[in-house]
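Please open the model in a viewer and keep the sequence at hand.

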Amino acid sequence: MKIRDILNIFKKRKTSSHKGDFGHLLVIGGSKLYHGSIAFNALAAYKTGVDLVTILAPERAANIVASFSPDLITYPLKGDFIKKSHLKTIFKFSEGKDAVVIGGGAERRKETLYAINEFLKKIEIPCVIDADAIHAVSKNKNVLKENFVITPHSYEFFVLSRVDVKKMNIKEKINVVKKVAKSLKCTVLLKGYIDIISDGRRIGINKTGNPYMTKGGTGDTLAGICGSLLAQGIEPFYSACAAAYINGKAGDIAAKDLKHSLTASDLLDYIPKVWNTIG
């Protein structure tokens with residue numbers, strides 16, 4: 001995907017457009033300890049054009065996130081972490097949604113990973129699998145589908161594939177990512193100083209991003225952007241490529257102003273500035 005193609009993947013908006021025409025994203029994650037990931041997912045998704053975002057999270061996380069912005073719809077799941085007993089509610093909320101982002105801040109309790117896999121096994125809508133959800137699917141790769149995007153960093157890629165890419169050169173990484181994506185039958189976005197994206201047939205390389213983006217949460221904004229694009233009807237491979245570019249480019253613009261002070265929260269303010277750089 002070339003830079004000029006990024007904007008072309010977005011649907012042109014008719015004057016008669018109304019709420020829902022550009023997607024409704026469901027974000028699932030969080031726990032008693034972690035709430036930031038799902039907030040970044042949702043807010044970055046809005047900044048990338050999705051019309052609605054609904055968040056399902058354990059009580060404390062849902063209530064904290066609801067206070068961040070009136071734009072956010074949250075529903076609290078009883079308890080401190082996602083578990084099997086929540087599945088009925090989660091499936092109900094997935095009805096009518098256009099895409100899902102799952103895994104941020106969910107933690108890796110056995111019951112949580114089981115619930116994530118049971119959900120993924122049965123849904124058919126596009127999904128971004130991130131963070132702790134990657135650990136879940138590593139135990140049952142059969143839940144993965146062609147319209148899923150999985151977004152590992154190097155360690156999560158190792159958990160998923162048992163292949164250590166840390167000491168590989170770019171050419172070796174490209175070959176491995178393509179091979180793993182083909183095996184998993186979904187799109188893989190390997191995050192790094194150079195992002196590598198493959199659906200098992202095509203390869204995308206993204207070079208935006210910088211060392212100031214090592215702060216926690218920048219991967220959550222990436223997942224949210226990708227989920228937003230999926231919810232708007234953009235195919236998984238292009239959604240992953242565009243999300244990597246947009247997230248990294250927002251970080252590059254922010255880094256010029258903020259350098260060491262850059263945080264994931266800052267990226268949210270810089271995503272709109274990316275459009276001005278694409279001709």
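Begin by selecting Val 137 and the residues around it: leaving aside residues up to four places away in sequence, Val 137 touches Asn 117, Leu 120, Ile 129, Val 143, Leu 144, Ile 150 and Leu 160, where contact means heavy atoms within 4.5 Å. This is a predicted model, in which local features need pLDDT of at least 70 and side-chain atom pairs count only at pLDDT 80 or more, while totals for chains, interfaces and linings use all residues. Residues are numbered from 1 along each chain as its sequence is written, and side-chain values use heavy atoms, with hydrogens and water left out.

Val 137 belongs to helix α6 (residues 132-137); helices (H or I, at least four residues) and strands (E, at least two) are DSSP runs, numbered from the N terminus. Is Val 137 buried or exposed? With a relative accessibility of 0%, Val 137 counts as buried, the term for under 20% relative accessible area, whereas exposed means over 50% and partly exposed lies in between (1.4 Å probe, protein chains only).

Next, select the strands. Nine of them form an open sheet with mixed pairing, in the order β3-β2-β1-β4-β5-β6-β7-β8-β9; two strands pair if DSSP finds at least two bridges between them. At the edges are β3 (73-77) and β9 (203-206), each of which pairs on one side only. On average, neighbouring strands of this sheet are turned by 15° against each other, direction ignored.

Focus on β2 (residues 52-58), which runs parallel to β3 and is joined to it by five bridges. Here Leu 56 stands opposite Tyr 75 of β3. Then show helix α2 (residues 36-47), which lies across β1 (24-28), β2 and β4 (99-102) and runs at about 175° to β2. Axes are lines fitted to C-alpha atoms, for helices over the stretch in contact, and angles run from 0 to 180 degrees between N-to-C directions.

Turn now to the charged side chains. A salt bridge is a side-chain nitrogen of Lys or Arg within 4 Å of a carboxyl oxygen of Asp or Glu, and by this rule the count is seven. One of them joins Lys 121 to Glu 118, with the closest N and O atoms 2.9 Å apart. Both residues lie in helix α5 (residues 110-122), three residues apart, about one turn of the helix. Lys 121 is partly exposed at 42%, whereas Glu 118 is buried at 15%.

Select Arg 202 next. Its salt bridge with Asp 199 has closest N and O atoms 2.7 Å apart, and the one with Glu 235 spans 2.8 Å, N to O. Through shared partners, salt bridges join Asp 199, Arg 201, Arg 202 and Glu 235 into one network.

Finally, select α9 and α10. These helices pack at an angle of about 140°, with their axes 8 Å apart. Among the residues that meet are Leu 222 and Ile 225 in α9, and Ala 240 and Ala 243 in α10.
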